[in-house]
Amino acid sequence: MGVTTRSCWADVHPAIQRAVEARTGPVRGVRDAPDVDGALAVVVDTWTESVLVRGARIGDQRGREALRAEAAVAALELEHVPALKWRAMVGAWDLVATALAPGRPADLSPGSPDVTRLGDMLRRSCGSTIRGMLPEYADRWLDWTIRPELERLRGSRLLHTCMCPAHVLVTRDSVAVVDWRRAARGPAWVDAAYALVQLVEAGHRPDAALGWVRKVPAWSAASPEALATWGAAHSRYWTAQSLAERAEIAQELMAGAAVHV
């Protein structure tokens with residue numbers, strides 16, 4: 001897989017800079033966003049707001065697919081997702097601008113209030129319906145499951161699929177989930193499963209993490225067979241990626257979850 005070449009704002013053609021300013025209004029400053037993936041990722045500060053502008057070159061199919069997912073989710077106007085500001089084709093670039101989410105990466109260690117904030121967000125957001133604009137989550141697991149298992153991973157709910165702390169930004173009053181480039185359609189409980197693994201990796205005991213996730217209605221509605229399939233598929237995948245500890249966590253958690261669902 002090739003590495004995406006990163007462009008800084010100063011390297012971008014002046015025509016693109018002008019096109020961005022035409023949509024944002026007078027620009028007070030521009031700074032690179034090094035923690036955001038993409039060939040172009042900058043924060044544009046205007047006199048009234050700050051927006052995150054991401055870009056992919058026209059020939060970069062993977063990069064443009066990521067932008068399509070970002071734009072599709074941002075356009076849904078969900079409480080926990082930074083809103084879409086605009087999308088434009090300018091020269092050789094596909095550009096997407098979203099609101100800049102405030103906050104810091106979540107602290108998911110035991111005792112952190114961010115764990116409660118994450119649970120509250122999942123209770124509100126799990127189950128948002130998404131139509132055909134995003135890929136099927138189940139299709140990612142064609143090489144890691146057999147056909148009857150695969151059907152248990154199908155659904156029509158919006159999934160983020162990477163609930164790591166860097167993608168969950170918290171303030172005193174809000175939680176925002178960012179980086180939707182791997183968004184998909186699938187069962188409502190899947191993001192809770194990813195969050196569950198993150199909690200154990202952050203130091204929570206498996207039984208405590210399972211007690212936390214059972215308060216999420218979408219999780220409680222999942223079938224034991226579906227949870228077991230998710231755990232088995234991820235265990236196989238993470239083992240192949242030399243992530244043996246994470247694979248063991250997935251297996252242990254899903255085995256424990258299936259008993260108590």
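**Close-up views of a predicted model**

View 1. The largest cavity has a volume of about 90 Å³, the volume being the space filled by probe spheres set on grid points that are joined across faces, edges and corners. A cavity is a set of points on a 1 Å grid over the protein atoms alone where a 1.4 Å probe fits but cannot get out, and lining residues have an atom within 4 Å of a point. This is a predicted model, in which local features need pLDDT of at least 70 and side-chain atom pairs pLDDT 80 or more, while totals for chains, interfaces and linings use all residues. Residues are numbered from 1 along each chain as its sequence is written, and side-chain values use heavy atoms, without hydrogens or water. When the whole structure is searched, 1 cavity of 30 Å³ or more is found. Of the 13 residues that line the largest cavity, H80, S125, L158, W180 and D191 lie nearest its centre. Helix 3, which covers residues 113-125, gives the most to this lining, with 3 residues (helices, H or I of at least four residues, and strands, E of at least two, are DSSP runs numbered from the N terminus). Sorted by class, the lining of the largest cavity holds 7 nonpolar, 5 polar and 1 charged residues (Asp, Glu, Lys and Arg are charged; Ala, Val, Leu, Ile, Met, Phe, Trp, Tyr, Cys and Pro nonpolar; the others, Gly among them, polar).

**View 2. The second largest pocket.** The second largest pocket holds about 530 Å³ of space (a pocket is an open set of points with protein on both sides within 12 Å along at least five of seven lines). The lining of this pocket is made by 26 residues, and D35, V36, A166, L169 and V178 are those that lie nearest its centre. Strand 3 (50-57), helix 2 (61-74), strand 5 (93-99) and strand 6 (104-105) are the elements that give two or more residues to the lining of the second largest pocket. The residues of that lining divide into 15 nonpolar, 8 charged and 3 polar.

**View 3. The buried face of helix 6.** In helix 6, which runs over residues 206-213, the buried residues are A209, L210, W212 and V213 (buried means under 20% relative accessible area, with a 1.4 Å probe and protein chains only). Seen down the axis of helix 6, these buried residues fall within an arc of 155 degrees, so they line one face of the helix; the arc is that of the directions from the helix axis to the C-beta atoms.

**View 4. T229 in helix 8.** T229 is found in helix 8, residues 224-240, and with a relative accessible area of 2% this residue is buried. If residues up to four places away in sequence are not counted, T229 touches T145, E149, R152 and L153 (contact means heavy atoms within 4.5 Å).

**View 5. T46 in strand 2.** T46 has its place in strand 2, residues 40-46, and at 3% relative accessibility T46 counts as buried. Leaving aside its neighbours within four places in sequence, T46 is in contact with T24, G25, P26 and R28.

**View 6. G63, with the whole protein behind.** G63 lies in helix 2 and is buried, with a relative accessible area of 17%. The C-alpha atoms of G63 and L108 are separated by 30 Å, and the two residues are 45 residues apart along the chain. Across the protein, the secondary structure comes to 9 helices and 10 strands, and buried residues make up 48% of the 261 residues.

Conventions: Buried < 20%, exposed > 50% of the residue type's maximum accessible area, 1.4 Å probe, protein only.
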